[in-house]
Structures are given as structure tokens and as C-alpha cells.
Amino acid sequence: MTAPSKVHLFKTGTMECDQTWLLLKPGATIADRSNTRKEAVSTTCPTHAVLIEHPDGRILWDTGVPQDWETRWVPTGLQEFFPVQEGATYLHDSLAALELTPDDIDVLMLSYLHFDHAANAKLFDNGKTRIIVNANEHEGALGIDGPFKGAHLKADYEGIDYELISGDAEIAPGVSVIETPGHTWGTMSPRVDLPEAGTKIFTSDAVYLGESWGPPAIGAAIVWDSVRRLESAEKLRRIAEETNAEVIFGHDPEQAAKLPFAPDGYFG
């Protein structure tokens, strides 16, 4: 039986935003009666991708934000709410640091199709790379009226020949996705079982922050179905406890500062 050998974490752009987008917590983003004029709390919102080295091929999860974010996001207006920090490391920078290009990727898994996860998906639409997305996410994201809805920007992802999957599914031995809807119709969280380093679960936006993890999990502002998102967080918690997994959250700046990002480190 084959198994993944290494997992590389890629920096793919760090946004800035009001913390309320990520966390709805009393005392943090929700004021009490003695603090009715509480100012907005700004935070950094890092994005990441994951490269899995596997005997069956290189598997990439997610693609981060686009380098042309300031113009590409104009139709949505979200460039005013999520500006990317100057000097950001983008996906192509992280690939190049390992002497790779999009043509070197055999499988691309997209956790879902928002503008900070699928923005660079078309770089891999080369007739060689399998591009995998959840069937419910595909139906919802391609079915929106107009060029965008919320953080779904059709220009990022329409026209791609996807491989659609449903439910929890194995992608390769030791590499699977956990269906975790709620943030969007078909959010997925990858799980990687490494022979030496153990199980790693990447929550994507099923859980933004360690501070959101709980228990119980804490809500956020960008949510399609709040109840299903909380149910998905508890599903991830159950799997993490059963497998003694390390859990890597979707946009946690404090956790990101401690993780072994490529090219300086890896899980293996």
C-alpha cells in the first residue's frame, strides 16, 4: 500500500480584514453595553495551500489568492474588505521555491470555490491535472446569477473540466477529503495520514481559527448555513480525536506563525 511521504505547506498570500468576518465572540468582536462604541479590530488573514508528495503523484490542495487581486476583485467590491499585504508570497512563488510549476501537479483538490481558495485554479486546467471539487459546491457556484455572489467569482472557476466527488472520499491511499459543508454548499477539509508524522487535518474554512474551535465551535460572519458549519466543526473534532490528528485551521495568523512552511520545513 502506498502512502504520502511529505506534506509541504505553501504561503499563498495574506489578507487583512475586520476580525468580525472570522469570529463572532463576546468581548472580541461583540461589544457589551459598557463598550457600545467599540472600534473594529483588524487582523491578518493568511491563506495557504498544501502540497502532498505521494507515490501516485503530486497532490495540491487549494491555490490561495490571485496576484492581480486588486483589479480582479473589483466586481465584488471585496478588495476593499480583504486587501492583500504588500510583498505577499503567492502560490507561484511557493511552487518556484521547490522548483515546481503548475504542470508538475497531478491532482488539484479545491476545498471550495471562493476567491481566496480557487483563484488560481485555471493555472492547472492543462488537460493533465485532475481538478477535484465537491459536487454540491460545483452546482451552487456555477448556478449563481451574474458574474459573482459573495466571495464566489465565476471568472476564477467557470469553464474548468472538474472531477466531482460527494461525501467523504479517498483521493489516494493516505489522502482523503472530509465533507464539511456550512461555510459554503460543498466545503471540504483534507486529511493526510503520514506514516511517521501522523494524521494532519486541514480544516479549510469549516473552522477559521483556533479561537473558533471550541468546544463548542464559535460562529463567523461569512457562512452559508450556520448550523451545518457548526455540525461540520464537531465532525472534524470527532475525527481529530479518533486519529490523534494535528489540526491546521483555515486562516489563523497565530498558528501560521508556528507552522513549517516551505521551503524551510515540511511534515514527514
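What is the volume of the second largest pocket?

1. Basis. Residue numbers start from 1 along each chain as its sequence is written. In this predicted model, local features need pLDDT of at least 70, side-chain atom pairs count only at pLDDT 80 or more, and totals for chains, interfaces and linings use all residues, while side-chain values use heavy atoms, with hydrogens and water left out.

2. Second largest pocket. Its volume is about 150 Å³. A pocket is an open set of points on a 1 Å grid over the protein atoms alone, with protein on both sides within 12 Å along at least five of seven lines; a cavity is a set of points where a 1.4 Å probe fits but cannot get out; lining residues have an atom within 4 Å of a point. Points are joined across faces, edges and corners, and a volume is the space filled by probe spheres set on them.

3. Lining of that pocket. Strand S1 (6–18), strand S2 (42–54) and helix H7 (253–256) each contribute at least two lining residues, with the largest share, 4 residues, coming from S1. Helices (H or I, at least four residues) and strands (E, at least two) are DSSP runs numbered from the N terminus. The lining comprises 5 nonpolar, 6 polar and 1 charged residues; Ala, Val, Leu, Ile, Met, Phe, Trp, Tyr, Cys and Pro count as nonpolar, Asp, Glu, Lys and Arg as charged, and the others, Gly among them, as polar.

4. Second largest cavity. This cavity has a volume of about 40 Å³. S2 and H7 each supply at least two residues of its lining. Pro 46, Ala 256 and Phe 261 are among the residues lining this cavity, and they are also among those lining the second largest pocket.

5. Largest pocket and largest cavity. The largest pocket holds about 240 Å³ of space; of its 14 lining residues, His 114, Lys 149, Gly 150, Ala 151 and His 152 are closest to its centre. The largest cavity has a volume of about 90 Å³, and its lining divides into 9 nonpolar, 3 polar and 2 charged residues.

6. Lys 154. This residue belongs to helix H4 (residues 154–157). Lys 154 is buried yet has no salt bridge, the nearest side chain of opposite charge being Glu 158, 5.0 Å away. Buried means under 20% relative accessible area (1.4 Å probe, protein chains only). A salt bridge requires a side-chain nitrogen of Lys or Arg within 4 Å of a carboxyl oxygen of Asp or Glu; Lys and Arg count as positive and Asp and Glu as negative, with His and the chain ends not counted.

Note on methods: Buried < 20%, exposed > 50% of the residue type's maximum accessible area, 1.4 Å probe, protein only.
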